[in-house]
Amino acid sequence: MEGVKRYLENVEPRTAALFTGAACMIGTVVVLLQKGYTHREAKAKIQKAQNRRTDSLQRAEHAVLQYNKSHPETDSALILTLSLSEVTKKLQEGSLNPEEVFYSYMEKTLDLNKDLNCCTGILLESFDQLKTLDSNRKGLLYGVPVSIKENYGYKNYDSSCGVVINLEHPAKKDSVLVEVLKKQGAIPFVKTNIPQALLSYECSNPIFGPTLNPTTPRRPAAVPPPTPGRLSSRGLSSIYRGQKSVPSCPGPMARDVDSLALCMQALLCDHMFSLDPTVPPVPFNAQIYQSSKPLRIGYLETDGYTQPSPSMARSVREVKALLEAAGHTLVPYRHLNLEYVLTELVVKGILADGATTLLQKLEGSPVDPSLRPQIVPYALPIWLKKTLSFLLKPFSTRASAVLGGLCGVGSIQDLWKQHAAVEDYIQETIAEWRKCNIDALLCPVVGPAYNHLYCGKLTTASSYTILFNLLQFPAGVVPVSTVKAEDEEELKHYKGVYQDQWDKLFKQAVCGGEGLPVGVQCVTLPWQDELCLRLMKEVEQLVKQSKA
């Protein structure tokens, strides 16, 4: 009972008295999440998954020990400093061999996992793949060890998405992207941890626990994707299939933009197009990526829904100045009708069924602490959500709108209307870009990384990234700065757009971040991923030059 009451009080303390009766509805939450597996059965499944992980890690550690004993000349430290482009070049020319690269990355991964808890299991088949690698010597990623997220299908391994119901259902074959990676000579060697149900910035779930931020262990982090549909999603698990309004999509993460471009070039190949004919057969356009043509770039410091932290806004201003000095034209830009869009299109799109499917997937599964504040209101009956939404309206318009959105769309006819509204909004936004005559958009991305356990309380701040999932625009993040002492001082005066409880929570979430990295977000129209990467590359270079 206290869980619901605390959530409702956090939404708007002045209306706490309205929710005394609502707290009794915690029984609904408990019943919904305890159906399916018993506590004992869930615990046993989780223990088996953890045992499988431990076994794979131990076997990999033994293999690394044996290799290091027989190859003391391997310079792992040097190998790990190389960029992806440098590694692939040296592997192709033969100055490095795949074995020493593989074991260097494996050893580093095992060491990092001890501190960060980032692995859900070593893919032991990778040791066998290493022995037969020469058959793919012409691949663009020949000999490159790669990690894949836990929800990527890999034959004989679970893709649990952090929920018990998906355990012990191993994939019958590799996902398309894993097949393509192997065809290009890459070696998928480890699965990495994910947020429970893929619904949070904070990488934690009750099966494998929390993954810590390498910069500071008490904070989570995140990166947005390319155009939905540009890369195949076949064989990737999600918490519920069929949701179309706010599509998720796979995409690479790397230490530099050139590595992202090389990975995209490798994936956008004939082999992927033949394995998944639903993906448009559009290869990577290197000419666009390498272009130096001056661009007209829209920019915004705030989306008008979540006031950015001082370091977020400053990073945009600094990058804007660098781009202008480099010959680009920067023009102000505003999102269209964002408050309406985030509740009526995003929230109602993701939870069109009032969160019924999501809650069914969580049945019998412990709910991770990082996700619990987000899940509690989902489980309230629709009549109660509507009542609370009405009662909150005079006191907190944002909380009222969000609770209304959590009710879902209501009927199939309303779902079709919602899909049509999303299509209309995409076209309206494209028309606005045409009116502004912009090639790309520069905007903030949430930063610095939140303090622990704030992600589930602050879904509103996802406005900076989730909008582009709705629009199906490719977006990428480039780290450009760190939080400074003056940012922390300015944060003390942070009020927020709505000055509600969520604004107060955002201030708490990002405080104490001095020295932590902050990025900017580069966005383009659908299918212009190469242009997005080109802008990211230029930002990366300009920032590097400015610090030299």
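**Before you start**

This is a predicted model, in which local features need pLDDT of at least 70, side-chain atom pairs count only at pLDDT 80 or more, and totals for chains, interfaces and linings use all residues. Residues are numbered from 1 along each chain as its sequence is written, and side-chain values use heavy atoms, with hydrogens and water left out.

**Exercise 1. Find how far helix α6 reaches, and look at its two ends.**

Step 1. Helices (H or I, at least four residues) and strands (E, at least two) are DSSP runs, numbered from the N terminus. Helix α6 spans residues 98–116, which is 19 residues.

Step 2. The expected span of a helix is 1.5 Å times one less than its number of residues.

Step 3. Now check the ends. At the start of α6, a side-chain oxygen of Asn97 comes to within 3.0 Å of the backbone nitrogen of Glu99. Just after α6, Asn117 has a positive phi of about 55 degrees.

**Exercise 2. Work out where the buried residues of helix α16 sit around its axis.**

Step 1. Buried means under 20% relative accessible area, exposed over 50%, and partly exposed in between (1.4 Å probe, protein chains only).

Step 2. In α16 (residues 382–392), the buried residues are Leu384, Lys385, Leu388, Ser389 and Leu392. They lie on the same side of α16 because they cover an arc of only 135 degrees around the axis, taken from the directions from the helix axis to the C-beta atoms.

**Exercise 3. Describe the surroundings of Ser400.**

Step 1. Ser400 is in helix α17 (residues 397–405). With a relative accessible area of 6%, Ser400 is buried.

Step 2. Contact means heavy atoms within 4.5 Å. Not counting residues up to four places away in sequence, Ser400 touches Ser389, Leu392 and Lys393.

Step 3. Ser400 and Phe390 are ten residues apart along the chain, and their C-alpha atoms are separated by 6.6 Å.

**Exercise 4. Which residues touch the most other members of the largest nonpolar core?**

Step 1. A nonpolar core is a set of buried Ala, Val, Leu, Ile, Met, Phe, Trp, Tyr and Cys residues joined through side-chain atoms within 4.5 Å.

Step 2. The largest core has 79 residues, and those touching the most other members are Met106, Ile122, Phe127, Met272, Leu323, Leu533 and Val539. Another core, of 67 residues, lies apart from it and includes Leu392 and Leu491.

Step 3. Take Met106, which is one of the buried residues of α6. Leaving aside neighbours within four places in sequence, Met106 is in contact with Ala60, Val64, Ile122, Ser126, Phe127 and Phe189.

Definitions and conventions: Polar contact = N/O pair within 3.5 Å; in protein donor to acceptor, adjacent residues only side chain to side chain.
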